[in-house]
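Welcome! Have a look at the sequence and the model below, and then let us walk through a few of the parts together.

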Amino acid sequence: MWYYQSKKDDTEVINKLNELAESHPTRGFDEYYGRIRQQGFKWNRKRVLRIYRLMKLGLRRKRKKRLPERIKQPLVVPQQLNKTWSMDFMSDQLSSGRRIRLFNVIDDFTRQCLAIVVDVSINGHRVARELSRLIDLNGRPEFIVCDNGTEYTSLVMFDWAQRSGVGLQFIQPGKPSQNGFCESFNGRVRDECLNESLFSSLREAQEITAKWRNAYNTERPHSALNWATPNEFEKSCSRLTRNRLDKGA
């Protein structure tokens, strides 16, 4: 049997379409063909469209998400309660191998651990709910320091920040030292809790981390707080603030 084989070479058309798709990824066929004709190529519209479809350029291309510029923020200890919080994620696994996540929130001034949320999945909606709960319990901070994780840069979190009046202070990518208070706390959680425990279930992980958090806040002296516990330091600061207000009155 004899079959006809096309002798047309579409390499030049393919290269030109690839070039246009790279330089103008959000545009479609009509603009590409207009640019091709503008550059003096005489290729037939049907031919270009056929190759465009074979290359599947009509499928939406994923674009790199560009974050706004992050300004370098020095690590400064706030001088009052609820001035600045820090938050960060950690990961671990159960004895079955299933991964779990830990969402940690601390007060940068008192070094108190406000929350350790443990679950198999924690998205932006969950983060917003937990932060709202913490604000109801502890009052509203001015800023919360965080990295550029997708949970923090989601539209849900930006909407939450606008509604709650809390600023999100993003660190520069690749600069975890700018979130040094929470990074230091994460190290203690890893060394003193996660590395010392083998969790058989999610509930057990939640119970053990809750017990460790309570001991950290109430029993563990902190060198940066003149060897007071975070709860003791918070109470002394609260008393000092009340005394100043009473004298001012």
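## Helix α3 and its surroundings

In helix α3, which covers residues 45-54, the buried residues are V48, I51 and Y52. Seen down the axis of α3, these buried residues fall within an arc of 105 degrees, so they line one face of the helix. The arc is taken from the directions that lead from the helix axis to the C-beta atoms. K46, R53 and L54 are exposed on the other side of α3. Here, buried means under 20% relative accessible area, exposed means over 50%, and partly exposed lies in between (1.4 Å probe, protein chains only). Helices (H or I, at least four residues) and strands (E, at least two) are DSSP runs, numbered from the N terminus.

Before going on, a word on the source: this is a predicted model, in which local features need pLDDT of at least 70 and side-chain atom pairs count only at pLDDT 80 or more, while totals for chains, interfaces and linings use all residues. Residues are numbered from 1 along each chain as its sequence is written, and side-chain values use heavy atoms, with hydrogens and water left out.

What covers the buried residues of α3? The cover includes α1 and α2 (29-38). In the segment before α1 (11-23) we find D10, which is buried, with a relative accessible area of 17%. Leaving aside residues up to four places away in sequence, D10 touches R47, R50 and I51; contact means heavy atoms within 4.5 Å. The side chains of D10 and R50 are joined by a polar contact of 3.4 Å. A polar contact is a pair of N or O atoms within 3.5 Å; within protein, one must be able to donate a hydrogen and the other to accept it, and residues adjacent in sequence count only if both atoms are side-chain atoms.

| Helix | N-terminal cap | Backbone nitrogen of | Distance |
|---|---|---|---|
| α3 | N44 | K46 | 2.6 Å |
| α4 | N123 | H125 | 3.2 Å |

After α3 comes K56, with a positive phi near 55 degrees. After α4 comes G139, with a positive phi near 95 degrees.

## The sheet and the helices on it

How are the strands ordered? Five strands form an open sheet in the order β3-β2-β1-β4-β5, with mixed pairing. β3 and β5 (167-170) stand at the edges with a single partner strand each, so one side of each is left without a neighbour in the sheet. Two strands pair if DSSP finds at least two bridges between them. β2 and β3 run antiparallel and are joined by six bridges. The bridge partner of L102 is V118, in β3.

Helix α4 lies across β1, β2, β3 and β4, and runs at about 150 degrees to β3. Axes are lines fitted to C-alpha atoms, for helices over the stretch in contact, and angles run from 0 to 180 degrees between N-to-C directions. Among the buried residues of α4 are V127, L131 and I135.

A205 is buried, with a relative accessible area of 0%. Not counting residues up to four places away in sequence, A205 touches L94, I100, V118 and F199.
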